[in-house]
Each structure stands twice: as C-alpha cells, then as structure tokens.
Amino acid sequence: MPALSALALQATLFVILAAALLMPGMAEKAVPRLALKAAARNAAIETFLSYGIPQTKGRTGILIFAAARERLVEVVADDAAHGPLGAAAWRDICDAVAARARQGSLAEGLVAGVEKAGDLLAGPLPRKPDDRNEMPNHVVVL
C-alpha cells in the first residue's frame with residue numbers, strides 16, 4: 001500500500017472514531033472503569049490537599065468526594081481518622097452515599113455519608129469540650 005493511501009486511511013479512521021466519541025455517552029463507555037476510579041481518587045486527594053484538610057490540629061479531617069457523572073464516591077481521611085477505622089469504614093461511607101444516589105438523590109446520599117462518618121468516628125474520636133470546627137462543613141460543587 002502506498003504511503004499516501006495509508007495516511008488517507010488513517011486520517012479517515014481517526015475522523016470516524018473522533019465523531020463516534022463525540023456522541024453523547026460514548027466517551028464514558030470508552031474509558032475503562034479502573035481509569036475512572038483512579039481519576040476520581042486522584043481528584044479527591046487533590047481536593048483534600050487543596051482545601052488544607054491535613055492542616056487541622058488533630059489531623060482528623062475527612063473528605064467525602066462524589067463524582068456524580070462517573071457515579072463514583074471516594075473518601076479521603078487524615079491520619080488520626082484513618083488509623084483507628086481503616087479502609088472498611090470508608091467503604092461503608094461510600095456505600096451509604098452510593099445507595100441513596102442510585103435511588104436518585106445524591107444530596108440525601110451525602111447526608112447519609114456524613115451521618116455514617118460521624119457515627120464511625122464517634123467511637124475512637126469522641127468530641128472533646130474544647131473542640132472547634134477548623135474547616136467549614138458544606139458541600140462544594142466543582
């Protein structure tokens with residue numbers, strides 16, 4: 001096959017694939033789920049760090065990160081919160097958020113996730129009389 005014909009074939013295939021990926025929902029199907037999870041995890045960690053959550057006095061901060069379009073939930077926890085609870089606790093929080101989100105209410109899912117986090121943290125990290133909120137408690141939409 002002559003070089004010019006091969007180049008024309010490649011260009012045609014590129015245009016066809018690009019057009020297919022521009023169709024609604026196709027790009028999400030082309031990206032492997034594992035890559036989406038890794039991207040959501042990285043975004044959660046980046047957000048955790050950019051909001052200064054690791055600078056809290058007791059290092060007990062957590063971030064519940066929901067990537068609505070990708071339908072993924074990640075929890076990032078600081079050292080003092082992660083140590084006594086471990087990864088299983090964060091999966092429970094993710095499951096609580098995802099269960100409500102599947103029913104059509106991400107907002108209720110986030111509330112359930114925050115309540116679950118509070119319940120889990122109350123045992124190993126009970127609130128002390130001199131505790132104060134160092135971080136704002138609100139939903140941030142990125």
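The largest pocket holds about 1,800 Å³ of space, where a pocket is, on a 1 Å grid over the protein atoms alone, an open set of points where a 1.4 Å probe fits, with protein on both sides within 12 Å along at least five of seven lines, and a volume is the space filled by probe spheres set on the points, joined across faces, edges and corners. This is a predicted model, in which local features need pLDDT of at least 70 and side-chain atom pairs count only at pLDDT 80 or more, while totals for chains, interfaces and linings use all residues. Residues are numbered from 1 along each chain as its sequence is written, and side-chain values use heavy atoms, with hydrogens and water left out.

**Largest pocket**
- Its lining, meaning residues with an atom within 4 Å of a point, comprises 47 residues, of which Gly 61, Ile 62, Leu 63, Pro 136 and Asn 137 are the closest to the centre.
- Helix H3 (33–50), strand E1 (62–67) and helix H6 (106–122) each supply at least two lining residues, with helices (H or I, at least four residues) and strands (E, at least two) taken as DSSP runs numbered from the N terminus.
- The largest share, eight residues, comes from H6.
- By class, this lining divides into 29 nonpolar, nine polar and nine charged residues, where Ala, Val, Leu, Ile, Met, Phe, Trp, Tyr, Cys and Pro count as nonpolar, Asp, Glu, Lys and Arg as charged, and the others, Gly among them, as polar.

**Second largest pocket**
- About 420 Å³ of space lies in the second largest pocket, and of its 16 lining residues Arg 71, Leu 72, Val 73, Ala 98 and Arg 102 are the closest to its centre.
- H5 gives the most to this lining, with six residues.
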